[in-house]
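Subject: Structure handover

Hello,

Here is the structure for you to take over. My notes on what turned up follow below it.

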Amino acid sequence: MDLTWSAEEEEFRLEAREWLAANVPSNPLPSGDTREGFAAHLEWERALFEARWSVVSWPEAYGGRDASLWQWLVFEDEYHRAGAPARVTQNGIFLLAPTVFAFGTQEQQRRILPRMAAAQDLWAQGWSEPGAGSDLAGIRSRAVRDEQAGGWRLSGQKTWTTRGAFCTHLFGLFRTDPEAERHRGLTYFLVPLDAPGVTVRGFERLDGDEGFAEVFLDDVLVPDADVLGGVGEGWRVAMATTGSERGLTLRSPGRFLHTAGRLLDLARARGPGSHRDRVVQSWIEAQAYELFTLEQVTSIVEGRQVGAESSLNKLFWSQLDIALHEMAAELLGPEAEVDGPWSRGFLFSLAGPIYAGTNEIQRNIVAERLLGLPRR
Amino acid sequence: MRFAVTERDTALAEAAAEVLAKRAGAEQIRAGWPGGRTESVDAVWRTLAGVGVTGALVPESADGCGLDENALPPLMETLGRSGLPVPAAESVAVGAPLLAAAGAPQLPAVLGGSALLTVSLTPDAPVPFAARADLIAVPRGDGLRLYTRAEMETEPVDSIDGSRRLARVHAPSDGGLLLAEGPDELAVAYRRGVLATAALLVGLAGRMLELTVAHVRERHQFGVPVGSFQAVKHALADVELAVRFARPAVLAAGWAQAAGDPETAVRTSMAKILASEAARQAARTAIQCHGAMGYTTEYDLHLYAKRAWALAADWGGPTEHREFVAQRLGLAGTSDCTGEEAAM
């Protein structure tokens with residue numbers, strides 16, 4: 001047991017801190033979920049890439065630094081501490097990339113990863129459909145074999161696709177075997193959004209940004225080279241990505257520690273005694289999330305499987321994020337509704353218990369897989 | 001960075017778990033209640049002493065195991081899970097190492113398990129196990145002093161957890177052996193007690209969850225196991241969540257105490273807060289998910305739930321520890337104000 005960082009990790013921290021201090025835009029960028037904000041964020045993403053900070057844990061050949069998981073946590077901590085912009089590339093980097101590393105061919109890795117790291121290709125996740133949200137295995141969008149063209153013809157509709165209106169590519173699940181039941185017969189496809197037959201319509205989220213999109217596919221030809229993992233293997237391949245989405249990759253503790261720190265500043269500014277019992281509880285929970293993560297990273301580093309435990313992460317951080325923002329609203333009083341970082345953060349936090357598998361689904365997973373309760 | 005207990009720190013807990021699995025069940029908890037036959041509890045305690053439990057933090061030179069606070073979380077979680085009615089935190093984490101440091105002649109009897117030792121650091125509060133302990137250490141003047149029970153006046157007090165054998169004690173105005181004095185020494189002792197109690201609570205919460213999972217898998221209503229209903233699943237998933245997030249905080253507090261980390265005091269309070277809240281949540285959810293059976297004394301659940309309620313409030317309840325953390329974080333000024341005033 002040792003909760004101190006090594007000299008090497010501290011050195012890495014210092015390098016990241018110095019670069020961020022010199023480069024993080026002094027004024028917050030407009031929301032990356034709007035068209036003009038997205039463009040500003042892309043500029044930031046490209047600056048990150050130029051300095052090799054966009055994908056620190058990736059191999060150097062693909063634009064990373066071969067950083068360890070520990071170094072990645074250190075970087076995330078510094079990133080949020082510096083108040084750096086939210087990552088509009090995150091769905092590619094944190095959801096698709098782990099799957100490409102695990103299931104992609106060498107050719108796919110070389111073609112996809114460097115352009116993703118450089119924010120040249122921007123990836124959106126195409127899973128949910130109008131009739132299939134929590135029940136993801138119920139998707140109906142289909143892919144029909146076209147032997148002559150050497151590929152598949154995709155048709156159907158995806159929806160609630162985050163930043164779909166601004167992205168260049170989609171990764172998604174499609175039914176390749178109409179006879180197969182539910183999660184059998186699905187295949188993982190990579191689709192350029194400018195392919196003939198694709199129509200994208202952006203629409204507004206609860207927070208007012210045009211951050212969602214519907215993606216309509218009408219007989220879109222996708223070559224065999226853009227199948228990720230085997231045909232019919234889509235469910236297994238996709239589940240590897242949910243693990244990353246719910247677990248460590250999307251939600252490192254840095255973000256919540258930083259929010260908890262801002263909450264303390266707010267409480268101090270409001271004067272002694274302001275709701276301090278609940279402020280302290282929220283702060284403590286942010287620390288608890290970090291400790292849980294450190295324990296989990298130790299397990300991963302030592303080769304143990306995390307699996308269904310990632311549902312615990314997701315439940316905890318999504319509830320914590322709301323609690324931190326609701327607490328801030330109480331401290332702000334009549335100022336709480338004014339547009340700003342706290343009110344925007346609050347609206348965004350409400351999405352946490354929904355995306356990446358609703359918290360109801362996560363509780364089922366915890367109950368069934370960790371506690372062993374009967375499925376039916 | 002490595003967040004995992006070492007084999008050295010879990011070995012003693014594993015030895016204790018082996019003893020407890022064979023010899024300590026709900027029957028031993030009942031035996032600890034007034035009117036019960038405490039001989040069987042004492043026998044288990046002597047066996048645990050034999051594998052080194054009582055001397056966990058006592059230096060090897062004084063016939064202890066020579067471990068540090070890193071060993072407390074796994075050991076105390078194991079003891080908590082068993083519900084064995086003994087002053088585990090008070091004697092193992094707080095008292096025994098102080099007796100060793102003070103060169104107390106009673107140390108061998110404590111290490112051997114033949115003398116039951118309890119400690120309280122809270123002036124005037126009822127002292128757990130004082131109604132049946134052989135040795136009692138309480139604050140006197142600005143230090144902590146050790147007395148035999150014969151030297152004190154003890155007045156038993158009924159507790160919701162009868163196995164705690166509470167008593168109010170009155171120490172004589174002189175005598176007693178000085179075990180610790182001054183804020184620094186007392187703070188170390190206090191933090192060890194808080195840490196150990198937090199770990200006991202994690203163990204109790206785990207045990208209540210385990211009993212409840214077994215029950216809802218077996219109990220059928222409407223033709224299906226009640227554990228297949230989402231309302232039940234989600235309530236128990238939330239307990240699992242609370243327990244799984246409390247445990248690392250307890251481990252981190254143990255590490256901080258052993259390593260002399262500057263954040264030790266805050267980390268220790270965090271551990272107690274999260275463990276107390278988790279155990280309370282486990283207790284009320286377990287009782288709810290057992291239905292009317294959970295509200296009986298024939299079934300074992302109440303034995304663990306009552307211990308959890310007692311320990312959640314002992315060694316500082318969550319609000320007291322949050323208040324302490326608030327001061328450390330610079331949130332508590334000299335003047336307090338209510339929510340109403342703050343809004344104006």
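A definition before anything else: helices here are DSSP runs of H or I with at least four residues, and strands are DSSP runs of E with at least two. Please also keep in mind that this is a predicted model.

**Chain A: annotated domains**

UniProt, in an unreviewed entry, lists "domain: Acyl-CoA dehydrogenase/oxidase N-terminal" at residues 6-118 of chain A. That stretch, residues 6-118 of chain A, is 64% helix and 0% strand. Its end C-alpha atoms are 30 Å apart.

Another feature of chain A in UniProt, also from an unreviewed entry, is "domain: Acyl-CoA oxidase/dehydrogenase middle", at residues 124-220. Over residues 124-220 of chain A the make-up is 0% helix and 46% strand. The end C-alpha atoms there are 17 Å apart.

Two helix pairs are worth a look. In general, a packed pair is described by the angle between the two axes and the distance between them.

Take H9 (residues 310-332) and H11 (residues 359-370) of chain A. They pack at an angle of about 140°, and their axes are 9 Å apart. H9(A) and H11(A) are therefore oblique to each other. The cut-off matters here: roughly antiparallel needs an angle over 145 degrees. H9(A) passes H11(A) in a left-handed crossing. On the H9(A) side the contacts come from Ser311(A), Leu312(A), Lys314(A), Leu315(A) and Ser318(A). They meet Asn359(A), Gln362(A), Arg363(A), Ile365(A) and Val366(A) in H11(A).

Now H3 (residues 69-81) and H8 (residues 276-301) of chain A. Their packing angle is about 150°, with the axes 10 Å apart. H3(A) and H8(A) are therefore roughly antiparallel to each other. Leu69(A), Trp70(A) and Leu73(A) in H3(A) meet Val297(A), Ile300(A) and Val301(A) in H8(A).

**Between the chains**

How many residues of chain A are in contact with chain B? The count is 43 residues of chain A, against 45 residues of chain B. On the chain A side, the elements that give two or more residues are helix H7 (253-269), H8, H9 and H11. H8(A) gives the most, with 14 residues.

**Chain B: the sheet**

Chain B has an open sheet of 4 strands in the order S1-S2-S3-S6, with mixed pairing. The edge strands are S1 (117-119) and S6 (177-181) of chain B, and each pairs on one side only. From one strand to the next, the twist averages 25°.

Inside the sheet, S2 (residues 135-140) and S3 (residues 143-148) of chain B pair in the antiparallel sense over 6 bridges. Arg140(B) stands opposite Gly143(B) in S3(B).

Helix H5 (residues 88-101) of chain B packs on the sheet and touches S1, S2 and S6 of chain B. Its direction makes about 95° with that of S1(B). Helix H7 (residues 182-218) of chain B lies across S3 and S6 of chain B. H7(B) runs at about 95° to S6(B).

Is Leu200(B) buried or exposed? With 32 C-beta neighbours inside 10 Å, Leu200(B) counts as buried, because the cut-off for buried is 20 or more. Leaving out residues up to four places away in sequence, Leu200(B) touches Met76(B), Leu79(B), Gly80(B), Ala88(B), Ala89(B) and Leu311(B). Leu200(B) and Leu72(B) are 128 residues apart in sequence, yet 9.6 Å apart in space, C-alpha to C-alpha.

UniProt has "domain: Acyl-CoA dehydrogenase/oxidase C-terminal" (unreviewed entry) at residues 195-329 of chain B. Residues 195-329 of chain B are 78% helix and 3% strand, with the end C-alpha atoms 20 Å apart.

**Two backbone angles to check**

Most residues other than glycine have a negative phi. Here are two with positive values.

- Arg182(A) has phi near 45°. Arg182(A) lies in the loop between S4 (169-175) and S5 (186-192) of chain A. With 13 other C-beta atoms within 10 Å, Arg182(A) is partly exposed.
- Phe129(B) has a positive phi of about 70°. Phe129(B) lies in the loop between S1 and S2 of chain B. Phe129(B) counts as buried, with 24 C-beta neighbours inside 10 Å.

Over to you.

Methods: Residues are numbered from 1 along each chain as its sequence is written. Chains are lettered from A and ligands numbered from 1 in the order in which they are written. This is a predicted model: local features need pLDDT of at least 70, side-chain atom pairs count only at pLDDT 80 or more; totals for chains, interfaces and linings use all residues. Two strands pair if DSSP finds at least two bridges between them. Axes are lines fitted to C-alpha atoms, for helices over the stretch in contact, and angles run from 0 to 180 degrees between N-to-C directions. Two residues are in contact if their C-beta atoms, placed from the backbone, lie within 7 Å. UniProt positions are given in the numbering used here, feature names are shortened, and annotations may be inferred rather than shown by experiment. A residue is buried if 20 or more other C-beta atoms lie within 10 Å of its own, exposed if 12 or fewer, and partly exposed in between; C-beta atoms are placed from the backbone. Angles under 35 degrees count as roughly parallel, over 145 as roughly antiparallel, 65 to 115 as roughly perpendicular and the rest as oblique. A crossing is left-handed if the near helix is turned anticlockwise from the far one by less than a right angle, and right-handed if clockwise.
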